[in-house]
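Trainee: Could we go through some of the words used for this protein model, please? I would like to learn what stands behind them.

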Amino acid sequence: MIQMKRMKKIVFVLLILIFFIEPVTPIKISNVDTIDHVNAQQTLRGLALKNKTVVYSEKSTNSKVLREYNQGKVLLYKEESSNWYEAYVILDGKGHTGYIHHDDVETLNLSNQQLLKGIATTKVNVYKEASRSASTHRSYNEGSSLIYKTYSNNWYEAYVIINGKGHTGFIHKDDVENIDLSNQQLLRGIALNNVKVHKTPSTSSSSLRSYKEGSVLLYKTFSSEWYEAYVILNGKGHTGYIHKKDVDNLENTPSESLKGVALNKTNVYVRASTNAPSLKSYSKGHLLYYKTFSSNWYEAKVFINGKAKTGYIYARDVETVSSEQTNYTGYGDSSPTRVYSKASRDSNVLRSYPEGRFLYFKSFSSSWYEAMVILNGKQTTGYIHKDDVDFEPIRHINTTNYNLNFSNFVDIQMTRTPKANGSGTILAFKPLVEYYANPSNFRENEVGFYQFLDLSSPAGLNANEVNTSILNSGTGSLANTASAFIEAGNRYGINEAYLIAHALHETGNGASQLAQGVEVNGRTVYNMYGISAYDSSAVISGSQHAYNEKWFTPEAAIIGGAKFVAQNYIHKGQDTLYKMRWNPANPGVHQYATHVAWAQIPTQRISRIYDSLQSYVQTFDIPKFDKQPGYQGAEAPANTVETSNYPEGAEGLTTGSNVRFRSEASTASSQTIIGTIKDVGTKLEIISTNNQGWYQARYNGKTGWISEDFVKLSNVIQVTASSLNVRLDPSTSKASQGKLNNGDIVLMVLDDDSKPVTHEEWYKIHYQEKELWVSSGPDNNYLKIQ
């Protein structure tokens, strides 16, 4: 029996030697006289890659086919060019030189083949040729250990014994995995499930032994998917295999002591398995101490009846916290913001803070901060949930949609003579109004965004801080009046930061006449918000209102004016600067100011005030209009007039008596009056319109401006149709003499009584130095009589 075993070993060694010794076969090269230039070339050995690998008669795939070889066939050829090899084939007993394309073969290099060991990753066939379509010598089951040599890019060369005879075959690389057992590592791990040790590295093979989930196992590295293990059965050792997904490797590094918090009810198990019995349980939020064990388990020591026992905590049941904590400051973001006794919302509440309160806390876990509170004079550690605090001041941003087209909104504002300066002497033209009325131009985190701040609740300012940083000696009669603003805010439910900014703006930092005091009926009065201080008589009307309200001290004016603003604007829905200025719910009505930038100007001061605070909550309400333009840039456009010119010869008649004729399109100053037109029906030559309610006209040799309210145009019409034909006579049967486009302005022909010449719906007009006709349409909607 021993001799037979020795014989088998000798045979095996001989086979290996035969497998590695490549036979040398002389190559006979014919036609030496005719292919001398080829003789020096090296003969190559290659593998046919295509199902039909062709030898062509010429170096062209369109040339005649001399011969075809199956995929996997070994061929001999020589280098010919960058794309072609030269081959020699025998056809009907005669030799022929042919050509094989480089892409059709793979040249083999068998001078340095390496012996490899691997395992079958699936059912493995050993093919007779290097092609899956070739017939097979033999097959091996998944998990079988195999020996083979390197051969080509996709194939290994193998040697098999069939019926006592050796045969060379080929194994596809995708069917095996190479293994290197020269440097196996001993590992320690735990069973993730009920683990089987298989006879071969295949899950379909039978098992040698099984281990319960959580068992600690020893094994060695083997392949990418398998470990090699050694088990004892009936006193004999056996090599087996454990699949990698069935175990969790334990770190070889020394265990590290950790601190963590229970995320839920947390069990300490007798084995590293959630199916194992538990030694002890802890409630959510409990602080625990443990050591590293595996990627999914920690090792912990618990005391049962006074005795220490080792147990295991599932990693998902706890969150490890860092031993190095970072100090933070932030703001309470919940109403209220609670500090808990444990890192759990189910635990007792130690203390509560209002939303927006400035807080100190430390890092603790991914969901919790650690905070210190004082209870009964003692420091107590508590926990704040991360969702309940924010590192930025608390802001609530809301949007109100108004069922109003933005263009229509601006058109309404233009009828209220908006102004481009605070004194109300300069008319604001449409582009400027469009800019300041457009909420898109004042973005979050920009100073101008404060015009959307809800002003309906106090800001909680500190009087000393405000007097020092804001209402200091440079603010005239407003210096050191912070207490009055804070009292006003608390008494009337209004944001005192806004009141301060409003008063500083209206009084020019406390330096205006109304802020310094104006004498009325023997009493000095003050007006800090410009209430009833109309553009034309600011000091007189503003001081009279202050006298009527008995604002005889700066503090009385601050508090009394706040009452006026709160009752007439803030608590009537106009609770932001934007709403006070533009009143988007009812545009053009009950608007606080005429200056287009009034809502934006105080925002710089409001921003500075909030920058000096620690604890506050801000709520913003952003208006949204239909077809609202996007952001138009940081700078407002220049306040320029957009004029539309009329054709030469346009006329108008005054509709009132004693109409003022001005050098500027504004009633702000009497200095602009250059004449008075006394009589109704006075004829004027109309030059243009500024599209803001004023005509530019000539009268008595002078050029000036007159309000459109006092002029009726005599001979001007504007095309409202998309296009309109101009005809020789008042009939559509007549040929068109030209065409007018939408918006074109033309002059009508007038009769001796200065009335338009018409025929039914047709008007005679001046067109290209001719008198022609245009139709006003069946419903008179083709033309607009100016």
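Mentor: Gladly! Buried means a relative accessible area under 20%. Keep in mind that this model is predicted.

Trainee: Which residues of helix H3 are buried?

Mentor: In H3, which spans residues 406–414, they are Phe406, Phe409, Val410, Gln413 and Met414.

Trainee: How do you know that they lie on the same side of H3?

Mentor: They cover an arc of only 140° around the axis, so they are on the same side of H3. In general, an α-helix has 3.6 residues a turn, so residues three or four places apart point the same way.

Trainee: What do the buried residues of H3 pack against?

Mentor: Their partners are strand S36 (394–405), helix H4 (430–437), helix H11 (577–582) and strand S39 (617–626).

Trainee: Why is serine 688 called buried?

Mentor: Its relative accessible area is 1%, and the cut-off is under 20%, so serine 688 counts as buried. Serine 688 lies in strand S44 (residues 683–689). Among the residues that serine 688 touches are Thr643, Tyr646, Trp694 and Trp705, leaving aside those up to four places away in sequence.

Trainee: And what makes tyrosine 534 exposed?

Mentor: Here the relative accessibility is 51%, and exposed means over 50%, so tyrosine 534 counts as exposed. You will find tyrosine 534 in the loop between strand S38 (523–525) and helix H9 (538–549).

Trainee: How many residues apart in sequence are tyrosine 534 and glycine 424?

Mentor: Tyrosine 534 and glycine 424 are 110 residues apart in sequence, with 8.9 Å from C-alpha to C-alpha in space.

Notes
Residues are numbered from 1 along each chain as its sequence is written. This is a predicted model: local features need pLDDT of at least 70, side-chain atom pairs count only at pLDDT 80 or more; totals for chains, interfaces and linings use all residues. Side-chain values use heavy atoms; hydrogens and water are left out. Helices (H or I, at least four residues) and strands (E, at least two) are DSSP runs, numbered from the N terminus. Buried means under 20% relative accessible area, exposed over 50%, partly exposed in between (1.4 Å probe, protein chains only). Contact means heavy atoms within 4.5 Å. The arc is that of the directions from the helix axis to the C-beta atoms.
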